[in-house]
Amino acid sequence: FSKHLNKLDVFELVWDSLKDVATGKWEPIPEKTDTKEGDEDQQSKPLRLLIIAEAFNCISSAWSSSQSKAFPALCDLFANEAKNNVWNVRLAILQGLKKVLSKASVPYMESTEGNQGSSIIGPAIMQQILNLIFDNVLDGKYSSVRIKAMEVLQELIQLTKGTVHLASHVDEIQSVLSKLGIEDTSLQLEVEKTISLLSQYPSKRQKTE
């Protein structure tokens, strides 16, 4: 169902309906059972997390580049809910962000040579997205989260290539990548792919040398 949402132009409806679900500000209607309260919590928690993850999937699927005014609020949602959340919800958030970035558009020429242009990605949003990525790419426990964060970073680089938004952060990105260990083979492959992408787009400091 979620894969068809982008074609229906129903983002505002989906956003209004699922924003509180994505943030966990909802309570499912309890069913009458003979189970104890503690047992019920243990049974309902996985389902609750699955519903939250699917809410992010639907919201990101419904968003399109024509909804550029909603982009800052969408980034706020991703960034705020990725903090201190469980790994599978963070994975859904990262996948949702990757999907949104793949559909976004940043004019190539309008943001070069220090001109911020009218892009949907300004300095604050760029930093917000990078902070979300960095927090998860440096996750010390879950390989799937680290790899997905690297995929989001690659999508962000592709989106902002040739713009001041990327040039301003190349050194910062390279610094974070240098902190990653090589014991995770899958992650290392993504790191190498990201470094290769970055090598095509010099930083502002490199441009002036």
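These legends go with a set of close-up views of a predicted model.

View 1. The protein chain has 10 helices and zero strands. Starting from the N terminus, the order of elements reads α-α-α-α-α-α-α-α-α-α. Of its 209 residues, 45% count as buried. Take the contacts between residues at least 6 apart in sequence: 77% of them join residues at least 24 apart.

**View 2. Helix α4 seen on its own.** Helix α4 covers residues 87-103, which is 17 residues. From first C-alpha to last, α4 reaches 25 Å, close to the 24 Å expected at 1.5 Å a residue. The buried residues here are Val89, Arg90, Ala92, Ile93, Leu94, Gly96, Leu97, Val100 and Leu101.

**View 3. α4 alongside α6.** Helix α6 takes in residues 143-160, and its axis comes within 9 Å of the α4 axis, crossing at roughly 15 degrees. That angle is why α4 counts as roughly parallel to α6. As for handedness, the crossing of α4 and α6 is left-handed. On the α4 side, the contact uses Trp87, Arg90, Leu91, Leu94, Gln95, Leu97, Lys98, Leu101 and Ser102. Facing them from α6 are Ser144, Val145, Lys148, Ala149, Glu151, Val152, Glu155, Leu156 and Leu159. Sorted by class, the contact of α4 with α6 has 10 nonpolar, three polar and five charged residues.

View 4. Asparagine 84 sits in the loop between α3 (71-82) and α4. Its phi is near 60 degrees, a positive value in a residue other than glycine. Buried or exposed, which is asparagine 84? Asparagine 84 has a relative accessible area of 83%, so it counts as exposed.

**View 5. Helix α5 and its neighbours.** Helix α5 runs over residues 123-137, 15 residues in total. The span of α5 from first C-alpha to last is 21 Å, close to the 21 Å expected at 1.5 Å a residue. Buried in α5 are Ile125, Met126, Gln128, Ile129, Leu130, Leu132, Ile133, Phe134, Asn136 and Val137. Which helices do these buried residues pack against? They pack against α3, α4, α6, α7 (164-167) and α8.

**View 6. α8 packed on α9.** Helix α8 (residues 170-177) and α9 meet at an angle of about 160 degrees, with 11 Å between their axes. With that angle, α8 is therefore roughly antiparallel to α9. α8 makes a left-handed crossing with α9. From α8, the contact involves Val170, Ile173, Gln174 and Leu177, and from α9 it involves Val191, Thr194, Ile195 and Leu198. The contact of α8 with α9 divides into six nonpolar residues, two polar and no charged.

View 7. Glutamate 190 belongs to helix α9, which covers residues 185-198. Why does glutamate 190 count as buried? Its relative accessibility is 12%, and buried means under 20%. Leaving out residues up to four places away in sequence, glutamate 190 touches Ile147, Met150, Glu151 and Gln154.

Terms used: Residues numbered from 1 in each chain as written. Predicted model: local features only at pLDDT ≥ 70, side-chain atom pairs only at ≥ 80, totals over all residues. Heavy atoms only, no water. Helix = DSSP H or I, 4+ residues; strand = E, 2+ residues; numbered from the N terminus. Expected span 1.5 Å × (residues − 1). Buried < 20%, exposed > 50% of the residue type's maximum accessible area, 1.4 Å probe, protein only. Axes fitted to C-alpha atoms, helices over the stretch in contact; angles between N-to-C directions. Parallel < 35°, antiparallel > 145°, perpendicular 65-115°, else oblique. Left-handed = near helix turned anticlockwise from the far one by under 90°. Contact = heavy atoms within 4.5 Å. Nonpolar A, V, L, I, M, F, W, Y, C, P; charged D, E, K, R; others polar.
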